[in-house]
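Open the model in your viewer and keep the selection tool at hand.

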Amino acid sequence: MPEELAVNGGPKTRDTSVNPWPTIADASGRDFGEEELELLRQVIESGSLGYMYGSMVTQFEEEFAARHGAKHACAVSSGTAALHTAMGALQLEVGDEVITSPVTDMGSIIAIVQCNCVPVFADVEAETMLLDAQSIRERITDRTRALMIVHLLGQPCNMDEIMAVVEEHGLYLVEDCAQSHDATWDGKPVGTFGHFGCFSLQQSKQITTGDGGIVITDDDDLADEAYRFHDKYYDRSGQNRPVERIGMNYRMSELVGAVALAQVRKLDRIIDRRTQTAEALMAGIDDIPGINRATVHPKARHTWWRVACTIDEGELGCDAQTFTRAVVAEGLPLRAGAARGEPICMLPVFQDYAAYGSGDFPWEPPYGRKVEYRREDYPNTNWAMQNVWTASWNEGYTLADVDDILHGLRKISEWYRRGR
Ligand SMILES: Cc1ncc(COP(=O)(O)O)c(C=O)c1O
């Protein structure tokens, strides 16, 4: 903690032991109420808790698909399950390469490796941390079959550039929309550009059931594969086809479906609230020297899973570490570094090729390629990990909370600029 700020700057901006920030961890930052309770009551009273016997999961799928203008939706048990279901439905070959982002959650990569495919990581754009189309192009080999893009923090990837790569190389496209419910690119919802859009309903997401997920697609055959993959490859369509492949049990229960249905009906108001406060925060940051809002592309609709900003060390008069300490000392809900402090492929599981048993499958020849995962291959990711500050956002934030955050940031900026 920078003692100068606490001493000379007076009391900290916010004593969070007295006045905590609203959080996604409890009701202070979540929108649950009578709507969820009423649908849960209906499920309990019906006595049908499995999706095959009730109607909540089906209704949720229909309404989620409709609001995305998608033909099919398949509700599952997590965002990871959604991605695995999408990848499983594509039926790629062992050792096929799938290019994805080094700034993501393990769920994206689990889905690739659990399909016996080799994850290849492209670099991101520095400030948005969204996949960089040129870097994707550079990592394409004759084994590349699919692209799993990650719409990060509530912001869509540049879909003009991504679709150009997909079309040039005839790749499958899976969109990881776990963090970006309702985001759009040029007015088109994320999840509707590729073969599959995959969403998470985990506790921190814009809408949540604690855990849950959903997959959307317009392709009838892929939808059929996805439905079967998520439910042990059983055929629930009435055609009575035998089990022909291995699937999972990623079914969503009716209890979860009830909450999911109530939540999707609230998505507009949740995004409106997040947008109002997040945009007020960004507008305020515009007036604070040395602190910059993170870039949002003009064609993007950001739906604010997290808010992000960067600092200009020269202008601010302090380095990143000092800024981090000041933010903590002021009690602000900002966190340095985008995710884990380094590209996800630097984790031991990838450095050691440790997916299954003691061998290096699926990376080892003759199955796949022993892709080298080197920190220096991700210069923009490394920069972002040091320079982008993010704060978990939620619908509980008020304009008064935003004022407090801006007050703290202004105080930090004034303090260090004075000392330059
Ligand atoms: C980008 C991304 N992909 C995938 C996932 C996996 O979702 P879940 O935790 O619901 O399995 C997450 C969840 O945090 C995520 O942020």
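A residue counts as near a molecule or strand if one of its heavy atoms lies within 4 Å of it. This is a predicted model, in which local features need pLDDT of at least 70, side-chain atom pairs count only at pLDDT 80 or more, and totals for chains, interfaces and linings use all residues. Residues are numbered from 1 along each chain as its sequence is written, and side-chain values use heavy atoms, with hydrogens and water left out.

Select the ligand and its shell. The ligand is surrounded by 14 residues, of which Gly 79, Thr 80, Asp 176, Ser 200 and Lys 205 are the closest. Sorted by class, the shell holds three nonpolar, eight polar and three charged residues.

Next, show distances from the ligand to side chains. An N or O atom in the side chain of Thr 80 is 2.5 Å from a ligand oxygen atom. For Asp 176, a polar side-chain atom lies 2.6 Å from a nitrogen atom of the ligand. For Ser 200, a polar side-chain atom lies 2.7 Å from an oxygen atom of the ligand. Of the 390 Å² of accessible area (Shrake-Rupley method, 1.4 Å probe) that the ligand has on its own, the protein covers 90%.

Conventions: Polar contact = N/O pair within 3.5 Å; in protein donor to acceptor, adjacent residues only side chain to side chain. Nonpolar A, V, L, I, M, F, W, Y, C, P; charged D, E, K, R; others polar.
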